[in-house]
Amino acid sequence: MIWAGFLQRAIMQGIPLLYGSTGEIITEKSGNLNLGIPGIMYVGGISGVIGAFLYEQNTASVNPVLAVLIPLVCSMLGSLLMGLIYSFLTVSLRANQNVTGLALTTFGVGFGNFFGGSLSKLTGSDIPSISLTATSNCFRTSLPFAEKCGWFGQVFLSHSFLAYAAVIIAVVTSLILSRTRVGLHLRAVGENPATADAAGINVGRYKYFATCIGSVIAGLGGLYYVMDYANGVWSNDGFGDRGWLAIALVIFAVWRPNISIFGSILFGGLYIVHNYIPGLDVSGQELFKMLPYVVTILFLVFISMRRKREAQPPAHLGLPYFREER
Amino acid sequence: MPQKPHKAKEPLFHIAKRDAIVWWKAWGIRIAAILIALVFSGVVSYLLTGENPLRIYAKMLEGAFGTQRRVWGLLQNLAMLLCVSVAVTPAFKMRFWNIGAEGQVLVGGLASAACMILLGDKLPNAVLLIVILAASILAGAVWAVIPAVFRAKWMTNETLFTLMMNYIAIQLVSFFVYKWSVPKGSGQVGVINRATHAGWLPVIGRYDYLLNILIVAAITFIMYVYLKYSKQGYEIAVVGESENTARYIGIPVQKVIIRTMLISGAICGIAGMLLVSGTDHTISRDTAAGRGFTAIMVSWLAKFNPIFMVLTSFLIAFLEKGATEISTAFGLNESFSDIITGIIIFFIIGCEFFIQYTVKFREKEAAK
């Protein structure tokens, strides 16, 4: 069953991307192009690791509920803080979004690698590398009957709760964006903040909330990566360029979280397809790893040439909004 | 019941744009921000290491200036960062968000490495160096022009396009690194032409990096003059302020966008050549080492002025060297420097607000 195995791996690769892209879509809908997502995902991952590490160090027997809850809360707090830094600088202090985002990525990746590399030294324990097997096992609990359902079980039922949560969050976000008043207001802020402001929508508040909620969701992608995909073993730079891939996925999903569910599986598949092509040498594999980015560029060109109105980025993406400068 | 007249509550403070600020005040605010940031990062380092913050700063200075070798290393890092920053500047001045410098530098380096490996024993060294220069300029320019053409013709989002081009460049380099790896399959190219030094930039006297530094200084000066005094530099500024105005006064916007990105990419290509043929004499996917991204912050912090960029890239290069020294001295992970750099950039980004705007507090209502 090579196909089932491939699909299962593709979904596992896709989940962090799905989290990242859902978070970035919410952020971009408010007109904020947050290039700090890669850094935020690192922070989300390492904050969860720090929480789990401290918990595992200070407890004799691991309580499964706490073992999941503590890293989850830590991760969310960590990425919320990153989102707050970004919104404070870009919305309140009106700083340039690209520069702020890139600084946030530098900071976040550095933060992750720093604590990943020196957490055990800082806490004075003698463990050489961080391996949170107990916590990871709690996170990886999957449905008990998955194994009995053949290939269907392997592909769709074998995942952990964070994977299903990603899909649910994406669907709910999609509904909120397209069907509710809050979603309408948010889209208005991203398309034309001056009009939104005139209609009585608090532009700053929407931007803050969208960016912070988006950051928290994206951070969960980092947590999923460490706890599920990497079995609770933090390795520096292990998360790699997935954060940027999540931003690519936003374009591919034309700013719709429900499309990015399928997009994430496709990207996850493209990310690992080189392992499944027989007779490929190492250098050929490196060429294949280009695929997600090439697909994104082709798609970006395609939607800009087609000029279909529904498939465009929010009109005010990346631009600051100052009421008195209209 | 008679309704009370609605009284609008005046907010506690409001923000107004400053007309213009005297230059010394602006720099005073910036320097104050850097000082606060240094104090803040001192506190962070203290919390993490438990060391006396003054000793930490002393270590930073020692790491950057401690020996002659370190000073040269610092100058080399400064020059490389400055080169990439100067390269991205004309595009930014035009409000073209080229965040693909990383990729443009890498393909430039890749072209140099390819020439060194494939032509190293076929051409005399002087001809080889010219070929290397031409190849890396061409590679960098091509990598930059592709997104520019699509932006100019179809308004394709350049930020996302150039970002994606980075990763294509990185994978392309990976591909060739495995192809050329010595010994086969090790995934590392090693020093190219170690014996013949073919395609290595010549060394002036005993100073390994002096030629690099001089080339970058020349590029920086030329770019300053180009942006400030040439007609093309003026066109860039107008397109950056408003594309509609530019079109109205007869500036060919599409042509300016493509031409400017051509220049931007060409200088990135030169930076790649200086890194491969002038510094490392090898190629890997980390050759650009994130400079393409750092350069964006450097350029922006200097307000797109190439001369100020010497200062801002010095600041970043110094922080990196200093923080690396702290991390080895106190046994911390080397990513410590990224944290410190991040914190300081946050402060500088934030302080620009106080240069451009004033916060006016609500005046107390006069007592009746």
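A residue is called buried if 20 or more other C-beta atoms lie within 10 Å of its own, exposed if 12 or fewer, and partly exposed in between, with C-beta atoms placed from the backbone. I begin with this definition since several residues will be described in its words.

Good morning. The model is predicted: local features need pLDDT of at least 70, side-chain atom pairs count only at pLDDT 80 or more, and totals for chains, interfaces and linings use all residues. Residues are numbered from 1 along each chain as its sequence is written, and chains are lettered from A and ligands numbered from 1 in the order in which they are written.

On confidence, the predictor assigns the complex an ipTM of 0.85 and a pTM of 0.87. For chain B the average pLDDT is 84, and 95% of the residues score at least 70; pLDDT is the predictor's confidence in each residue, from 0 to 100.

Let me turn to chain B as a whole. Its C-alpha trace spans about 95 × 60 × 40 Å along its principal axes. Chain B contains 13 helices and 2 strands, where helices (H or I, at least four residues) and strands (E, at least two) are DSSP runs, numbered from the N terminus. Of its 368 residues, 48% count as buried.

Helix α3 of chain B, residues 68-93, has 26 residues and reaches 37 Å from its first C-alpha to its last, close to the 38 Å expected. The expected span is 1.5 Å times one less than the number of residues. Just after α3(B), B:R95 takes a positive phi of about 60 degrees. Helix α13 of chain B, residues 336-356, reaches 32 Å over 21 residues, close to an expected 30 Å. This helix, α13(B), is mostly covered, as 16 of its 21 residues are buried.

How do α5(B) and α10(B) pack? Their angle is about 145 degrees and their axes are 6 Å apart. Axes here are lines fitted to C-alpha atoms, for helices over the stretch in contact, and angles run from 0 to 180 degrees between N-to-C directions. By class, the contact of α5(B) with α10(B) has 19 nonpolar, 8 polar and 2 charged residues. In this scheme Ala, Val, Leu, Ile, Met, Phe, Trp, Tyr, Cys and Pro count as nonpolar, Asp, Glu, Lys and Arg as charged, and the others, Gly among them, as polar.

In the loop between α10 and α11 of chain B lies B:H281, with a positive phi near 60 degrees. Is B:H281 buried or exposed? B:H281 counts as buried because 21 C-beta neighbours lie inside 10 Å.

A:V254, in the loop between α11 and α12 of chain A, has a positive phi of about 40 degrees although it is not a glycine. A:V254 is partly exposed, because 17 other C-beta atoms lie within 10 Å.

Finally, the interface. The contact takes 44 residues from chain A and 41 residues from chain B, two residues being in contact if their C-beta atoms, placed from the backbone, lie within 7 Å. On the side of chain A that touches chain B, the elements giving two or more residues are α3, α4, α11, α13 and α14 of chain A. The largest share, 16 residues, comes from α4(A). By class, this side of chain A has 26 nonpolar, 12 polar and 6 charged residues.
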